[in-house]
Amino acid sequence: MLSDFGTASENAAFNADICIVGAGAAGITIAKELVPTGKQILLLEGGDIKYSEESQSLYHMTRDRFYWDPYRSRVRFFGGSTNHWDGSCRTYDPIDFETRAWVPDSGWPFSFRDLEPFYDRAFEYIEVGPRVREERTLFGGLRPYERKVAAAGLDLRLGYISPPTRFGKKYFDELSAARNLTILTRANLVSINEAADRNGVTSLTIAGYNGRKATVSARLYVIALGGLENARALLLSDAVTPGGVGNENDLVGRYFMDHPVIEAAVFYPSADFVRAWDKGGASSETNNYSFTFQASEETLRRNRLTNARMPLAWANQLYTSAGIESAHQIEKAVSTRTELHEVLTHLRNVIGDADLIIEQWRRKHGYAPWFDRADEYGGFAMQMMMEQRPDRENRVVLASERDALGLRKARIRWRLPQSEKDDLKRLVGVFAKGMGAQGVGFVRSFLAEDDLDRRFEELMNFGHHHMGTTRASADPKKGVVDGDQRVHGRANLYIAGSSVFPTGGHVPPTTTIVATSIRLADHLKRRLAA
Amino acid sequence: MMTPSRRALLGWIGTLAPALGAVAAWPELGEPAATPFEFLAASQKAAALKLGQWLTKNGITADMLVGSQEPVAPVGDIRESFAKDPLITVDGFLLPAGFCRYCLDAYRKES
């Protein structure tokens, strides 16, 4: 059943066996899993079934200079951010779940093997067909390179491409038709109300856009608002526990992670490899796949590195031109009045690629192509998606500014320490050394020796994958939730989504969000049946 | 009477004119910067000479090619050098130090 809190009667009561707050990938997955139990389910969504500015504007947050405003990177209506994701999917790797001595605060309370059966089920949700156990069977033209890639200390991996599944659109009919489920839209969570003994949650307070409030009661509660809002919801609910629900050990909001994305290098492979790559575009009858490189587990352990996804994207001369890159740097130095290093090299590059610079300007302004050289093959762009190490100082806190509902906005504090920039640079070196030794190709890195900070500032983007702010650990002193995603010390409060990830891996998290949500749903089924 | 903005514009043109002349006379105008990897398509000796020249042009000297605190030994096989030598960065290109040393030596002897 679909209901709109904005038009519900004044004295409407909201009771259920389980209340799920947030209808994104995690919330919808859990709701869908629980429908067959026959238990009464209430699924709250702050937005509407379709986009509305009044809802989306609640995602404005304050943040550090580098970081993006979630207003632009997340979506606040039924289906959540699956309404605009690009469909890139893959499982995390077994090593991602391990406690790695060289990655402080790493280690999940369950292993890859524990999660594997749920990954299989997650693949159905995201419509990428059955998970391929032997990825090499789909390497096609690249199979002859398998041994060389392994000898280079790298793995060639398959990525799955979801349609992409828009969870709201895909699953709305099924959920709204379920007799035991109510989708309550335009119902914004205001506070999680704890029992005085902090043992559990007694109710939730929700608010509409007209200022009207109501109370929701259930046996079990699941907060599934996304990697930023999950932490904010706990922090805002501080009537009983100072600092917010579950924050006895000052962990809520901390260890915030994203996937920094860096245009780190250009790869110039041999002509044979280019042909093989062109022929290697794997697909089956029902699916499309992409290929990426990454460091092998052995390489990560030996070099004490975190991983990065290294896709190769065919790039034309406009992308790989040293002259265009130099022109950008000159332009930036002039506009920001900062010092420009290696001026002569930049000038030489600009002059050598003057035709490409003109061509890029012409195309940007809608003129017909002049110089054919611009469309020639220029190499493979390596846009690397990094795993970010858990960092206690990266965090979501409450700002003094308030949103339209009168609630304190979130403030995002984010940094990328020098050591992680060095790690990525080392990883590019591992790739270059390995591929060079195998005669596969050569690398030009954009992460030059003496100006790593500046290069990151210029080249860095984000996956907009918000993770880690209510991290899971069996130890209450190290995690907000336990291995079942239950808030430590609270009998009936669970957190779903990427905020529970203790480490973020180096691939997009949606597959793992769905897998952990199915795992959580199985646990909730047992609780509801008890 | 000239407005201040028109005077500023003419001033800019006056400043840029000699620079544009210098750019037009630049011998490398329109020649894209060759990557060191393109040199490797040539025969080994020719490749070593070209790469040696390119490294010299980029300010690389043999003294700068240091392995684990010792000068790196020249290695003629680039793949072998990639496998065992540290990498150096020249204009962003990641190259094995031993092979670069070999190319610099070859270029120095030739010139």
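Domain bounds in these legends come from an automatic or database domain assignment. Everything shown is a predicted model, in which local features need pLDDT of at least 70 and side-chain atom pairs count only at pLDDT 80 or more, while totals for chains, interfaces and linings use all residues. Residues are numbered from 1 along each chain as its sequence is written, and chains are lettered from A and ligands numbered from 1 in the order in which they are written.

**View 1. The two domains of chain A.** Domain 1 of chain A covers 2-127 + 162-258 + 390-415 + 465-529, and domain 2 takes in 135-161 + 260-386 + 418-462. Taken over C-alpha atoms, their centres are 35 Å apart. Where the two meet, 12 residues of domain 1 contact 15 residues of domain 2; a contact here means that the C-beta atoms of two residues, placed from the backbone, lie within 7 Å. The domain 1 side of this meeting place has six nonpolar, four polar and two charged residues. For these classes, Ala, Val, Leu, Ile, Met, Phe, Trp, Tyr, Cys and Pro count as nonpolar, Asp, Glu, Lys and Arg as charged, and the others, Gly among them, as polar.

**View 2. Helix α4 of chain A against helix α16 of chain A.** Helices (H or I, at least four residues) and strands (E, at least two) are DSSP runs, numbered from the N terminus. The axes of α4 (residues 112-125) and α16 (residues 510-529) come within 8 Å and cross at roughly 115 degrees. Such axes are lines fitted to C-alpha atoms, for helices over the stretch in contact, with angles running from 0 to 180 degrees between N-to-C directions. The two helices are therefore roughly perpendicular to each other, a label for angles of 65 to 115 degrees; under 35 counts as roughly parallel, over 145 as roughly antiparallel and the rest as oblique. Look for A:Phe118 and A:Tyr125 among the α4 residues, and A:Val514 and A:Ile518 among those of α16, that meet here. By class, this contact has eight nonpolar, two polar and two charged residues.

**View 3. Helix α1 of chain A on helix α16 of chain A.** Here α1 (residues 25-34) and α16 have axes that come within 8 Å and cross at roughly 35 degrees. Residues making the contact include A:Ala26, A:Ile30 and A:Leu34 of α1, together with A:Ile513, A:Ala521 and A:Leu524 of α16. The contact divides into 10 nonpolar, three polar and two charged residues.

View 4. Among the buried residues are A:Glu229, A:Arg232 and A:Leu235. They pack against β8 (188-194), β10 (213-223), β15 (395-402), β16 (408-413) and β19 (493-495) of chain A.

**View 5. A:Cys89 and its surroundings.** A:Cys89 sits in strand β5 (residues 88-89) of chain A and counts as buried because it has 25 C-beta neighbours inside 10 Å. Leaving aside residues up to four places away in sequence, A:Cys89 touches A:Ile126, A:Val128, A:Tyr160, A:Ser162, A:Pro508, A:Thr510 and A:Thr511.

**View 6. Chain B.** Five helices and two strands make up the secondary structure of chain B, in the order α-α-α-α-β-β-α along the sequence. Of its 111 residues, 32% are buried.

Conventions: A residue is buried if 20 or more other C-beta atoms lie within 10 Å of its own, exposed if 12 or fewer, and partly exposed in between; C-beta atoms are placed from the backbone.
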